[in-house]
Amino acid sequence: NDVIYIKMIREEKDIDDETLCFNPEFTHQFFGDSEGIFGYVDLRVDIYYSAARLSTYFGMSYTDKVDPKKSGGVQPDNVQKIIQEKLEVELGTNIDDFVSSLSKESSFRPHGELLKCFTVDGEENSKQTFDVYRADVSVPGFQQYHQKMQTFILWFIDAASFIEVDDERWEYFTIFERVISNGDPHFFFVGYATVYRYYAYPTK
């Protein structure tokens, strides 16, 4: 867990801001019960999400890795492949392409119906504004967006699994921080919850 660093990127300068990094709570669904990655020295794995559209970037660095000629043919773990197959999303590996994609963030708008707005006290006497939206799979573009946002549950919910998104009984509630910049609203993903519509009729 300690070698994986996740970061939500709002603008290019955030890439170099180490204070924005956070580690996953769980990695056993990726790397087994030991939550270990084999074959590297001083490994660091960076996973960036653009904070609005949830575009992704994968990067890794290390000072040395196991030599199969000296380890009986045993290869180091293919970290990118393991993570990508579990998350079921494409992980970009070109940081320049990721930075270029950030220019599209300002045009992002949340999917679905706005249910509620509220503010909380932020740092230095500032106020933070949050919006809650409701959506389902009939909302254009939401199914693709859900595929990205659901990836967080594997890192932070023990034994989590993806739901059958084609089931129309699922409803989705997303929350975004709304920030006004140069007079325009920007929406940054904060989290989400799912609700399954199920009716039980008691017997008499």
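Author: Between domain 1 and domain 2 the count is one salt bridge. This is a predicted model, so local features need pLDDT of at least 70, side-chain atom pairs count only at pLDDT 80 or more, and totals for chains, interfaces and linings use all residues. Residues are numbered from 1 along each chain as its sequence is written, and side-chain values use heavy atoms, with hydrogens and water left out.

Reader: What makes R10 and E177 a salt bridge?

Author: Their closest N and O atoms are 2.6 Å apart. The cut-off is 4 Å, so the pair qualifies.

Reader: Which residues make up domain 1 and domain 2?

Author: Domain 1 is 4-103 and domain 2 is 108-196, with bounds from an automatic or database domain assignment.

Reader: How many residues of domain 1 are in contact with domain 2?

Author: 24 residues of domain 1 are in contact with 20 of domain 2, where contact means heavy atoms within 4.5 Å.

Reader: And why is H146 called buried?

Author: Buried means under 20% relative accessible area, exposed over 50%, partly exposed in between (1.4 Å probe, protein chains only). H146 has 2%, so it counts as buried.

Reader: What is H146 in contact with, beyond its neighbours within four places in sequence?

Author: That would be I163, V165, Y172 and Y192.

Note on methods. Salt bridge = Lys/Arg side-chain N within 4 Å of Asp/Glu carboxyl O.
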